[in-house]
Amino acid sequence: MSANPNDRPLTAQIDKASPLPYHYQLREIIRREIAASRWQRGDQLPSENQLCEMFQVSRTTVREALDALVNEGLLTREKGLGTFVADPKFLETWSGSAIGFSDSITQQGYLIETKVLELTTVPASLQVCRQLNLSMSSEVILLRRLRYIMKQPILVVHSYMPVKLFPDLHKVDFATTSLYQAFRTAYDTPVWRVKRGIEAIAADETIAVLLHLVPGFPVMFIENTAYTRDGTPIEFYTAWRRGDKSRFQFEYSLPQPNG
């Protein structure tokens, strides 16, 4: 039987002489203890009264610290049971580089698994035609995938590509190869720029079943168009991502002055 993590000595205490608010200090202490694996995913934290005694602070201070970490997604509360370390949220960075889901997640050390739901050729819809600059008589390749991180279904994505640009794409094993990797290696057509939109919606029954959710559960709906260096659109996708398992980070910078 493993030792209770709450029995181990704390690595830090609140500095009463510091100008930083007590609730801020407590929040950061708890964050560091989780990062150091004192409290791991699913572990229960001490009660509010216990935390008050451990850190010699008021209950208001403890609640402010815990509320901030719950809102951040690092902790979760279960009514009548207590406060627990939440399952991790998988971070995807959206920065100036045109990077795909697989690249962003694997760079953090997570293993992605992919289930191909469908790979076929279909007539392009009006929306797809507009995003890919195609005529209404065009056909596109439809690739539907379910992506997993740590064995958890996280993302459903429907990708559309012009048939004329990617002959024999159906021969690629997308269970082991990412789409953007195939663009780079098999077709020498790297993605140079992407345009993305994101909004929160309620999962319909089909998406809920795939992501192991109840219908109506909040998910992030993403639309993305990928372009080559010369501005040619080569992929349009729609995706549904679990909102409770996701965190997005945006990076921006001012343009560099000429010369």
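## Helices α2 and α3

Helix α2 (residues 48–55) packs against α3 at an angle of about 110 degrees, and their axes are 9 Å apart. Axes here are lines fitted to C-alpha atoms, for helices over the stretch in contact, with angles running from 0 to 180 degrees between N-to-C directions. The two helices are therefore roughly perpendicular to each other, a term for angles of 65 to 115 degrees. α2 passes α3 in a right-handed crossing, meaning that the near helix is turned clockwise from the far one by less than a right angle.

On the α2 side the contact (heavy atoms within 4.5 Å) involves E48, N49, L51 and C52; on the α3 side it involves R59, V62, R63 and L66. Four of these residues are nonpolar, one is polar and three are charged. Ala, Val, Leu, Ile, Met, Phe, Trp, Tyr, Cys and Pro count as nonpolar, Asp, Glu, Lys and Arg as charged, and the others, Gly among them, as polar.

## Basis of the description

This is a predicted model, in which local features need pLDDT of at least 70 and side-chain atom pairs count only at pLDDT 80 or more, while totals for chains, interfaces and linings use all residues. Residues are numbered from 1 along each chain as its sequence is written, and side-chain values use heavy atoms, leaving out hydrogens and water. Helices (H or I, at least four residues) and strands (E, at least two) are DSSP runs, numbered from the N terminus.

## Helices α1 and α3

The axes of helix α1 (residues 22–35) and helix α3 (residues 59–72) come within 8 Å and cross at roughly 50 degrees. α1 and α3 are therefore oblique to each other, the class left after angles under 35 degrees (roughly parallel), over 145 (roughly antiparallel) and 65 to 115. Their crossing is right-handed.

From α1, residues Y22, H23, L26, R27, I30 and R31 meet T61, V62, E64, A65, L66, A68, L69 and E72 of α3. This contact has eight nonpolar, two polar and four charged residues.

## Nonpolar cores

A nonpolar core is a set of buried Ala, Val, Leu, Ile, Met, Phe, Trp, Tyr and Cys residues joined through side-chain atoms within 4.5 Å; buried means under 20% relative accessible area (1.4 Å probe, protein chains only). The largest core has 20 residues, of which M161, F166, L169, F174, L179, Y180 and F183 touch the most other members. Its largest share, five residues, comes from α6. Another core, of 18 residues, lies apart from it and includes A12, I29, L51 and L75.

Conventions:
Buried means under 20% relative accessible area, exposed over 50%, partly exposed in between (1.4 Å probe, protein chains only).
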